[in-house]
Protein chains: 2
Amino acid sequence: MTVIQNNLTEKNKQYASTFTKGDLALPPAKKYAVVTCMDARIDPAAAYGIDLGDAHVIRNAGGNAKDALRSLIISEQLLGTKEILLIKHTGCGMLTFKNEDAHTVVQKQLGDAAVKELGGLDFQPFPDLEQGVRDDVAFLNNSAAIPDDVAVSGWVYEVETGKVRAVN
Amino acid sequence: MTVIQNNLTEKNKQYASTFTKGDLALPPAKKYAVVTCMDARIDPAAAYGIDLGDAHVIRNAGGNAKDALRSLIISEQLLGTKEILLIKHTGCGMLTFKNEDAHTVVQKQLGDAAVKELGGLDFQPFPDLEQGVRDDVAFLNNSAAIPDDVAVSGWVYEVETGKVRAVN
């Protein structure tokens, strides 16, 4: 077992030993979904005030809306969520490179087989934080897969301060 | 402001008021990534023992590896992670429907525009939990985009007990 796997099992033993929420329903109690970044500096439950059982939390590189679409459709069409909070963050790694940079790294470090497997994968970096939030909110609002009665709002989380602010 | 948005801002004010971790580095300190489900009953930081700053957390419907591939490549090629924990869970919604069921719901509730936009989207449900974990671990191990020196392990989280167990 690796150090990481050992950490998982040991910490989880402690968690399970005081666990009392085994009866929660599958659909999110508060009928909302959060889309945010995979960034290690974000703890959505704590920072965004999500109690266990209340919301779907979708995380990927950049808090990307396109990448989250499959999950969001399942969330709202099969499990009844009615609101989406899209939360990107300051200091995001996706602000620091371009698509071609990522493809160059893949070619150099992983080689032809990976290039072939990935094809023209869009890594979906974005050069401006607030505009990135606005673009993703617009993407969801314009998607036929997200009906008009699902409210979508855009936010920025500041990894330096722990604060969330709305993006207009 | 909606009730959900108000919850976010009010709870976040409390979080930020005692926040002391504003100096964490962008790359995950413990160099690992977790892929798990968006399910509302999972709190990865607490249940999987992830301290702030230690790991990327990727979440989507089902804890799906294919869906996570873009994020995982960025995690390991650009931000130095060396290990992946793939953790699906008991009672997952993805065990309860077939791809054609989801497409029928989309057609009925969202109509032709959504069907056209989504094309033949694979919602990626899976009929068996342990096999689903094994299949996704195999997918990552077989992907040229995940090099052989990145350790991948598969796990199940029990929403009824809070316990994690390894899948062989």
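E130(A), E158(A) and R165(A) are linked in a network of salt bridges, where a salt bridge is a side-chain nitrogen of Lys or Arg within 4 Å of a carboxyl oxygen of Asp or Glu. The structure is a predicted model, in which local features need pLDDT of at least 70 and side-chain atom pairs count only at pLDDT 80 or more, while totals for chains, interfaces and linings use all residues. Residues are numbered from 1 along each chain as its sequence is written, chains are lettered from A in the order in which they are written, and side-chain values use heavy atoms, with hydrogens and water left out.

Over all chains, a search of the whole structure finds 16 salt bridges.

| Pair | N to O distance |
|---|---|
| E10(A) and K13(A) | 3.6 Å |
| K82(A) and D149(A) | 3.4 Å |
| R165(A) and E158(A) | 2.8 Å |

E10(A) and K13(A) both belong to helix α1 of chain A (residues 3-17), where they are three residues apart, about one turn of the helix. Helices (H or I, at least four residues) and strands (E, at least two) are DSSP runs, numbered from the N terminus. E10(A) is partly exposed, with 38% relative accessibility, and K13(A) is exposed, with 53%.

The side chains of K82(A) and D149(A) also meet in a salt bridge. K82(A) lies in the loop between α3 (69-78) and β3 (83-89) of chain A, and D149(A) in the loop between α6 (129-142) and β4 (151-157) of chain A, so this pair ties together parts that are 67 residues apart in sequence. The relative accessible area of K82(A) is 43%, which makes this residue partly exposed, while D149(A), at 52%, is exposed.

## Overall make-up of chain A

The secondary structure of chain A comes to six helices and five strands, and from the N terminus on these elements run α-β-α-β-α-β-α-α-α-β-β. Taken along the principal axes, the C-alpha atoms of chain A fill a box of roughly 50 × 50 × 35 Å. Chain A has 168 residues, of which 58% count as buried. Among the contacts in chain A with a separation of 6 or more, 67% come from residues 24 or more positions apart, a contact being heavy atoms within 4.5 Å.

## Helix α6 of chain B

Helix α6 of chain B (residues 129-142) has 14 residues and reaches 20 Å from its first C-alpha to its last, close to the 20 Å expected at 1.5 Å a residue; that expected span is 1.5 Å times one less than the number of residues. The buried residues of α6(B) are L129(B), G132(B), V133(B), D136(B), V137(B) and L140(B). They cover an arc of only 130° around the axis, which puts them on the same side of α6(B); the arc is that of the directions from the helix axis to the C-beta atoms. What covers these buried residues includes α3 (65-78), β3 (83-89) and β4 (151-157) of chain B. At the start of α6(B), a side-chain oxygen of D128(B) comes to within 3.4 Å of the backbone nitrogen of E130(B).

## Two buried residues of chain B

S75(B) has its place in helix α3 of chain B and is buried, with a relative accessible area of 0%. Leaving aside neighbours within four places in sequence, S75(B) is in contact with M38(A), A33(B), H56(B), G80(B) and T81(B).

D54(B), found in the loop between α2 and β2 of chain B, is buried at 9% relative accessibility. Not counting residues up to four places away in sequence, D54(B) touches A40(A), P28(B), A29(B), K30(B), K31(B) and Y32(B).

## The interface between the chains

In the contact between the chains, 84 residues of chain B meet 84 residues of chain A. The area buried between chain B and chain A is about 7000 Å², of which carbon and sulfur atoms give 63%; buried area is the accessible area (1.4 Å probe) that two parts lose on being put together, summed over both. Across this interface the rule finds two salt bridges, and the side chains of R70(A) and D67(B) meet in a salt bridge at 3.0 Å, N to O.

Definitions and conventions. Buried < 20%, exposed > 50% of the residue type's maximum accessible area, 1.4 Å probe, protein only. Polar contact = N/O pair within 3.5 Å; in protein donor to acceptor, adjacent residues only side chain to side chain.
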